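The structure is shown below for reference.

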Amino acid sequence: MKKFWLSALAILGMAHHASAADLTARPYTKAPPQPPAPVVAIYDWTGFYIGANGGWGQARNCWDFVTPTGTVRDGCHDASGGVVGGQIGYRWQTGSWVWGVEGQGDWADLSASRVSLLRPLVSERAKVDGLGLITGQVGYAWNAALLYVKGGAAVTGNRFDVVSTMTGVNLASVSSTRWGGAVGVGFEYGFTPNWSVGVEYDHLFIGTRNINLTDLTGAFFETESIRQDVDIGLLRVNYRFGGWGAPVTAHY
C-alpha cells in the first residue's frame, strides 16, 4: 500500500512539473513587415510635341461653268493620292481631359481629270499639291490611350487646268490657295514616356469659289465656280519633349 501512494505522488509531481513548463512565457516574435505600396505610373499628355504623318487623301472637285447669265453645272470628279507631312502642337491635361492646339502641313499629290460634260472637246484637271490645318483639340485619356476630336481652319494649294481632250495640250490654267474649315477625330497611344503613335481622319470643307483661268499668254480664258472637299486618313508619330511632358507616378 505504501508503494502505491508513493507511485501516485510521483505521477502527480511529474504532471505538475509539465503544466508549469507549459505556462512559462513564450519568446515574442515580430510580425513580418508589410509589402511596400504599389507604384502606378500615370501617363501625362501635357507638353510640346512634334511629329510626322503620312497617309491617303481624296479631293472632290465640282465644276460649274460661269456665264454672263449664271452658272451651268458641269459635273464632279475625285482626285486621290498620297499625303505626307508633319505637325507641331501643345497639349495640357486636367484629370482625364486633354486640351490642345496644333498646326499641320502636308505635301499632297491628289490629282485627276475628266472630260467636260458641257464641252467634250476639253477636259478639266484638278490637283491638290499641299494642305494645312490649324486646329484646336479636346480629348479624353485612359492613361496612355487618348481619343480626341479636333476642329479649326484648313487651307489647300491647288492647280486647275483645262486641256484639249484630243491632244492633251494645256489650254488654260490657274493656281489657287483656298481656305476653309476642318473637323477630325483621332486615337493616339503613348508607347514610351515621350513617343506616341496614332491614327487620324480629317474632313476639310473648302467651299465654293469662282476662279479665272488664263491661257498661255496670260489672257483671260474662262471663269469656273469650283466646290472642293478633301478627306484624309493619316498614320501619325509624335515626340513629346521632356519637362512638361514627363510621366508622373502616383503612390497608393
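Predicted model: local features only at pLDDT ≥ 70, side-chain atom pairs only at ≥ 80, totals over all residues.

## Other salt bridges

Side chains of opposite charge can pair when their charged atoms come close. Over the whole structure, 14 salt bridges are found. One of them joins Glu224 and Arg119, with 3.3 Å between N and O. This pair also links distant parts of the chain: Glu224 is in strand β9, whereas Arg119 is in the loop between β4 (97-115) and β5 (122-142), 105 residues apart. Glu224 is buried at a relative accessible area of 0%, while Arg119 is partly exposed at 22%. Both residues belong to a network of salt bridges that links Arg114, Arg119, Glu124, Glu222 and Glu224.

A further salt bridge is formed by Arg125 and Asp161, whose closest N and O atoms are 3.5 Å apart. Here strand β5, which holds Arg125, is linked to strand β6 (residues 145-164), which holds Asp161; the two residues are 36 apart. Arg125 is partly exposed at 32% relative accessibility, and Asp161 is buried at 4%.

## Aromatic pairs

A pair of aromatic rings is described by the distance of the centres and the angle of the planes. The structure contains nine aromatic pairs. Among them is the tilted pair of Phe48 and Tyr90, with 4.5 Å from centre to centre and 55° between the planes. Phe48 lies in strand β2 (residues 47-67) and Tyr90 in strand β3 (residues 70-94), so this pair ties together parts that are 42 residues apart in sequence. Phe48 is partly exposed, at 43% relative accessibility. Tyr90 has a relative accessible area of 19% and is buried.

Trp63 and Phe160 form an edge-to-face pair, with centres 5.8 Å apart and planes at 90°. Because Trp63 lies in strand β2 and Phe160 in strand β6, the pair ties together parts 97 residues apart in sequence. Both Trp63 and Phe160 are buried. Elsewhere, ring pairs link Trp97, Trp99, Tyr140 and Trp142 into a cluster.

## Charges over rings

Arg119, a member of the salt-bridge network, also has its charged end over the ring of Phe65, 4.7 Å from the ring centre. The charged end of Arg91 sits over the ring of Tyr148, at 5.5 Å from its centre.

## The enclosed cavity

Rolling a probe the size of a water molecule over the atoms shows where empty space is left. One cavity of 30 Å³ or more is present in the structure, and the largest cavity holds about 50 Å³ of space.

Arg91 is one of the residues lining the largest cavity, together with Trp45, Tyr49, Glu188, Asn194, Ser196, Asn238, Tyr239 and Arg240. This lining is made up of three nonpolar, three polar and three charged residues. Which strand gives the most to the lining? Strand β9 (residues 220-240) does, with three residues.

Terms used. Residues numbered from 1 in each chain as written. Heavy atoms only, no water. 1 Å grid on protein atoms, 1.4 Å probe; cavity = no way out; pocket = protein on both sides within 12 Å on 5 of 7 lines; lining within 4 Å. Points joined across faces, edges and corners; volume = space filled by probe spheres on them. Helix = DSSP H or I, 4+ residues; strand = E, 2+ residues; numbered from the N terminus. Nonpolar A, V, L, I, M, F, W, Y, C, P; charged D, E, K, R; others polar. Salt bridge = Lys/Arg side-chain N within 4 Å of Asp/Glu carboxyl O. Buried < 20%, exposed > 50% of the residue type's maximum accessible area, 1.4 Å probe, protein only. Phe/Tyr/Trp six-rings, centres within 6.5 Å; stacked < 30°, edge-to-face > 60°. Lys NZ or Arg CZ within 6 Å of the ring centre and 35° of its normal.
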